[in-house]
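Colleague: I am new to this model and would be grateful for a close look at a single part of the backbone. Please then describe, in one connected account, the surroundings in which that part is set.

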Amino acid sequence: MKTSWRSASLVAGAAVVLALTTACGQDGGGATGSQNVGATAAPGDVGDIGTGAGEGLGSGTGANGRASANAPQPAGKLSVSTNAEIGELVTDGAGRTLYRFDADTAEPPKTTCENDCATAWPPVAADDVLAGEGIDEKLLGEVTRPDGTKQLTIGGWPAYRYAKDTAAGDVKGQGVGGKWYALAADGKKAEANDAPGLSTRDDPKLGEIVVDGNGMTVYRFMKDEAWPKPVSACTGECLEKWPIVAPVEPNDTEGVVKKDLMTFTRPDGAEQQTVDCWPIYTFAGDKKPGDTNGQGVGGTWYAVSPDGKPVGVPKK
């Protein structure tokens with residue numbers, strides 16, 4: 001019996017922009033080097049973030065009638081399982097964990113994972129899906145992929161499996177690249193703890209540093225500016241390796257100095273968070289919470305202390 005689909009309406013939360021009331025960057029500008037803007041050392045294997053090799057889960061047929069290795073595969077009866085570290089998450093009829101991708105959107109539903117990405121993260125087919133215990137059928141839907149096939153959505157978010165999950169209950173895709181997360185039954189990220197948007201952790205090598213809501217290390221670019229207003233020098237391809245940190249409400253932070261904790265509008269219209277007026281980013285080469293692979297890259301990227309200063313900058 002196939003599921004009858006009804007569109008799920010989601011309410012998008014508006015980001016709160018903290019107005020700048022004092023001068024920015026009172027601690028002075030960052031160091032300047034001869035490196036090209038955004039140039040970095042190779043971030044390592046960043047394929048799992050959205051493009052990368054992975055073992056597919058079978059082939060299917062696309063809209064043109066030809067075989068497609070990345071065609072969505074059926075999910076069967078969905079259910080809710082509990083993982084000791086992540087909490088409650090959605091699994092398919094075979095017990096495989098379902099994931100969502102931060103680069104996708106839920107309103108309207110849109111998938112951005114194609115080609116090699118869809119090999120590493122096989123999309124879940126929208127047909128022949130049953131809502132098992134703990135699953136609200138009203139939150140199930142579908143999105144048309146670029147090849148014309150239909151992909152399952154949960155709470156508007158396109159659903160995927162992870163090719164490296166080889167057994168029922170595996171959650172190897174959780175937190176990969178800081179963009180892939182197990183799906184909760186309401187379409188949100190499955191997380192055991194509701195972590196603040198920004199907080200700090202004690203790194204054994206760097207000391208107390210700022211992390212985002214996913215536990216990923218936050219960085220500063222030494223070519224940016226904070227005074228008299230925040231200016232990001234990371235543009236174009238640089239942003240593929242160093243994604244910006246989205247706005248965070250001041251009361252959704254823990255351990256971070258709130259003075260000059262503000263957002264600013266980038267030239268492309270995106271809002272970016274700052275700490276002490278300095279733009280902050282994450283690193284595509286960090287695969288999981290606790291990674292600091294971006295530290296010192298190119299001599300211009302450094303982790304951020306709770307007061308916004310760069311950590312571990314070599315003394316001149």
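Modeller: D128 is partly exposed, with a relative accessible area of 38%; by the convention used here, buried means under 20% relative accessible area, exposed over 50%, and partly exposed in between (1.4 Å probe, protein chains only). The model is a predicted one, in which local features need pLDDT of at least 70 and side-chain atom pairs count only at pLDDT 80 or more, while totals for chains, interfaces and linings use all residues. Residues are numbered from 1 along each chain as its sequence is written, and side-chain values use heavy atoms, with hydrogens and water left out.

D128 belongs to the loop between α1 (116–120) and β8 (130–131); helices (H or I, at least four residues) and strands (E, at least two) are DSSP runs, numbered from the N terminus. Although D128 is not a glycine, its phi is positive, at about 60°. Most residues other than glycine have a negative phi, and most peptide bonds are trans. D260 also has a positive phi of about 60° without being a glycine, and its place is the loop between α2 and β16 (263–265). In contrast to the partly exposed D128, D260 counts as buried, with a relative accessibility of 8%.

The bond from E107 to P108 is cis, with omega near 0°, and P108 sits in the loop between β6 (105–106) and β7 (109–110). The bond from W227 to P228 is likewise cis, with omega near 5°; P228 is found in the loop between β15 (219–221) and α2 (238–241).

The loop that holds D128 also holds W121, whose ring is stacked with that of Y162. A pair of aromatic rings is described by the distance of the centres and the angle of the planes. Rings of Phe, Tyr and Trp (its six-membered ring) pair if their centres lie within 6.5 Å; planes under 30 degrees apart count as stacked, over 60 as edge-to-face and the rest as tilted. By this rule there are 12 aromatic pairs. For W121 and Y162 the centres are 4.0 Å apart and the planes are at 20°, so the pair is stacked. This pair links distant parts of the chain, since Y162 lies in the loop between β11 (157–158) and β12, 41 residues from W121. Both W121 and Y162 are buried. A stacked pair is also formed by W121 and W180, with 3.8 Å from centre to centre and 0° between the planes. W180 is in strand β12 and W121 in the loop between α1 and β8, so their pair ties together parts that are 59 residues apart in sequence. W121 counts as buried at 0% relative accessibility, and W180 counts as buried at 0% relative accessibility. Ring pairs join W121, Y162 and W180 with Y99, F101 and Y160 into a cluster.

R100 lies over the face of W157, at 3.7 Å from the ring centre; a charge sits over a ring if NZ of Lys or CZ of Arg is within 6 Å of the ring centre and within 35 degrees of the ring normal.

At the other end of the loop around D128 stands β8. An open sheet of 3 strands has the order β4-β3-β8, with mixed pairing; two strands pair if DSSP finds at least two bridges between them. β4 (87–91) and β8 are at the edges with a single partner strand each, so one side of each is left without a neighbour in the sheet. Strand β3 (residues 77–83) and β4 run antiparallel and are joined by 5 bridges, with E88 in β4 as the bridge partner of T82.
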